[in-house]
Amino acid sequence: MQSDIPLRMLVPTQFVGAIIGKEGATIRNITKQTHSKIDIHRKENAGAAEKPITIHSTPEGCLNACMTIMEIMQKEAVDTKFTEAIPLKILAHNNFVGRLIGKEGRNLKKIEQDTGTKITISALLDLTVYNLERTITINGTLKESNKALEELMTKIMESYESDMAAMNLQSNLIPGLNLNALGLFPSGAPGMGPSMSGMPHHGAHGGSAYGQGQPESETVHLFIPALAVGAIIGKQGQHIKQLSHFAGASIKIAPAEEKDSIQRVVIIIGTPEAQFKAQCRIFGKLKEENFFGPKEEVKLEAHIKVPSFAAGRVIGKGGKTVNELQNLTCAEVVVPRDQTPDENDQVIVKIIGHFFACQLAQRKIQEILAQVRRQQQPKPTSGGQPPQPRRK
């Protein structure tokens, strides 16, 4: 069985020739011996000191191919009197890195202790919206690096399978939503690895996965535990800046209303796709940082505003629509009674649930609002003339 996630490694450019071998003989041997498909991306990043290599195989095949490449580089280093150490460098999608590190770095420290290696991970600031991979550098002997890589690959695969299970369980509830195009989950496509390379990015072709035309911006207020604010903002605001860049959304944390508030409000402004990305990462971050237990689902409250004249349509006759919404989405949907509309004649709808439930409820409510807006538009008559009475 081929792994769903290819192994991606970085090698110094000066060793690429030795890895390929005369007329490609060396790379063919590695491919044959390890039952792998190996892509060496020589033309990527012209002039760069390192080149990525993508290995497609079983987890065991990926590991063997990687170690064989490391052995070839070490032999070539001796032959060419290259004196610098050659650490093992792999690339991992940022979506998995938080879980690799663990709370207060515990997971990574354990792997280092178990294997006798030193492991470092590139900074969040190095990411771009087109490249969501982080570089993991493993320093140690070949045997130690091999053991560390095996443990890292196991952790990444566990995270991937967990994410895919959640996606498969709920994605059919959101018609027309192309989750892969959002860059939330890695692609197994040859040569791309778990990055967004070659995939539509936010705003590509002037449309989105939600249909034709430019989607409208929406505002969502997401309530998070007050203690989690630091984790969402990150050191010197790095995490929230990166999250905002990745999602293509404006993300701000409102000041606490009271000194001892147990919740804080994250204000997210962006298209449906941007909302999906931003909220997904916030839910994920709270899980990674253990603000919810290992077997506990992350459930948050989100507020969206709707025109006061449309609130009745969200509730439905005798509460029928809101009850159907709750049954369909598994989220709690509440339109508080006796609200005073704000200065824009809008009222709040509360949505409480896990990530996919919240997303689906938000999308369904937006569908209702779009329907109300369409019905309010005056119907044009043909040629602008009033309809003529029929002749008898």
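A residue counts as exposed when its relative accessible area is over 50%. All views below show a predicted model.

View 1. Along the chain, Glu104 and Glu289 are 185 residues apart, while their C-alpha atoms are separated by 8.5 Å.

View 2. Helix H4 spans residues 94–101 and includes Arg99. Arg99 is partly exposed, because its relative accessibility is 24%. With neighbours within four places in sequence left aside, Arg99 is in contact with Asn107, Ser159, Asp163 and Glu288.

**View 3. The six-stranded sheet.** The sheet is open, its pairing is antiparallel, and its six strands follow the order S2-S3-S1-S4-S6-S5. Strand S2 (37–40) and strand S5 (118–121) form the edges, each pairing on one side only. From one strand to the next, the twist averages 25°.

**View 4. The pairing of S2 with S3.** Strand S3 covers residues 50–56 and runs antiparallel to S2, to which it is joined by four bridges. Lys37 has His56 as its bridge partner in S3.

**View 5. Helices packed on the sheet.** Helix H3 (residues 59–79) packs on the sheet and touches strand S1 (7–12), S2, S3 and strand S4 (88–93). The direction of H3 makes about 5° with that of S1. H4 also packs on the sheet, where it touches S4, S5 and strand S6 (133–139). The direction of H4 makes about 115° with that of S4.

**View 6. Two nonpolar cores.** The largest nonpolar core contains 49 residues, and Ile224 and Ile365 have the most contacts inside it. Helix H12 (residues 355–376) gives the most to this core, contributing nine residues. Not counting residues up to four places away in sequence, Ile365 touches Ile304, Val306, Val314, Leu325, Val333, Val349 and Ile351. Another core, of 43 residues, lies apart from the largest one; among its members are Ile38, Ala65, Ile69 and Ile138.

Technical notes. Residues numbered from 1 in each chain as written. Predicted model: local features only at pLDDT ≥ 70, side-chain atom pairs only at ≥ 80, totals over all residues. Heavy atoms only, no water. Helix = DSSP H or I, 4+ residues; strand = E, 2+ residues; numbered from the N terminus. Buried < 20%, exposed > 50% of the residue type's maximum accessible area, 1.4 Å probe, protein only. Contact = heavy atoms within 4.5 Å. Pairing = 2+ DSSP bridges. Axes fitted to C-alpha atoms, helices over the stretch in contact; angles between N-to-C directions. Core = buried A, V, L, I, M, F, W, Y, C linked by side-chain atoms within 4.5 Å.
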